[in-house]
Amino acid sequence: MSGDEAERSSTHRPDAPRTPEQEAIPELQVAYPDEQLAVRMGIEITEWVPERLVATMPVAGNRQPFGLLHGGANGVLAETLGSTGAYLNRIGDRRPVGLELSCTHHRSATSGKVTAVCTPLSVGRTVGTFEIVISDDEGRRVCTAKLTCLYRASTPPT
């Protein structure tokens, strides 16, 4: 077994940290569990049903040089929540992969946490599109994101 394969097989380690996605989808097998970006960014999924998912992320630790929440952090939050929503809305054993992510940044967040709410806009057999609205602690919209995923046939890991 190569080093890369051994690292990847850590998916099944009982001591590996649980990812936000695994909190929502316990059966999800995560490759490289010690390297998940959502964990490093402090993302927590707090509600998850196929029709609506909610997650939070701290501003602290996710800032750009001017002290504001980094726009890329909004993108990571949106992709994490949207992809989880896509998985919860899949048909059969198909797996979602991101095709396109767009983010419109409306205002800056400077402290506290931001909260993201994801709702499906359209879910079909091969493509799903999700809207993710990110708001600050005062309920003001910080970012509106749209994620489109392609549903691919599952292939077992090698």
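Which residues is Met 57 in contact with, leaving aside its neighbours within four places in sequence? The legends below take up this question and others.

**View 1. Overall fold of the predicted model.** This is a predicted model in which local features need pLDDT of at least 70, side-chain atom pairs count only at pLDDT 80 or more, and totals for chains, interfaces and linings use all residues. Residues are numbered from 1 along each chain as its sequence is written, and side-chain values use heavy atoms, with hydrogens and water left out. The chain contains four helices and six strands, which follow the pattern α-α-α-β-β-α-β-β-β-β along the sequence. Helices (H or I, at least four residues) and strands (E, at least two) are DSSP runs, numbered from the N terminus. Of the 158 residues, 38% count as buried, that is, under 20% relative accessible area with a 1.4 Å probe and protein chains only; exposed means over 50%, and partly exposed lies in between.

**View 2. Surroundings of Met 57.** Leaving aside neighbours within four places in sequence, Met 57 is in contact (heavy atoms within 4.5 Å) with Met 41, Gly 42, Ile 43, Asn 62, Leu 69, Ala 73, Asn 74, Leu 77, Gly 112, Lys 113 and Val 114.

**View 3. The largest nonpolar core.** A nonpolar core is a set of buried Ala, Val, Leu, Ile, Met, Phe, Trp, Tyr and Cys residues joined through side-chain atoms within 4.5 Å. The largest one has 33 residues, and Met 57, Ile 43, Leu 77, Leu 81, Val 114, Ile 132 and Ile 134 have the most contacts inside it. Two or more residues come from each of strand E2 (52-58), helix H4 (71-88), strand E4 (113-123), strand E5 (127-135) and strand E6 (141-152). Helix H4 gives the most, with seven residues.

**View 4. The open sheet.** Six strands form an open sheet in the order E1-E2-E4-E5-E6-E3, with antiparallel pairing; two strands pair if DSSP finds at least two bridges between them. Strand E1 (44-49) and strand E3 (95-105) are the edge strands, each pairing on one side only. E4 and E5 run antiparallel and are joined by eight bridges. Thr 115 has Ser 135, in E5, as its bridge partner.

**View 5. The loop at Tyr 32.** Tyr 32 lies in the loop between helix H2 (20-24) and helix H3 (37-40). Its phi is near 55°, a positive value in a residue other than glycine. Tyr 32 is partly exposed, with a relative accessible area of 22%.
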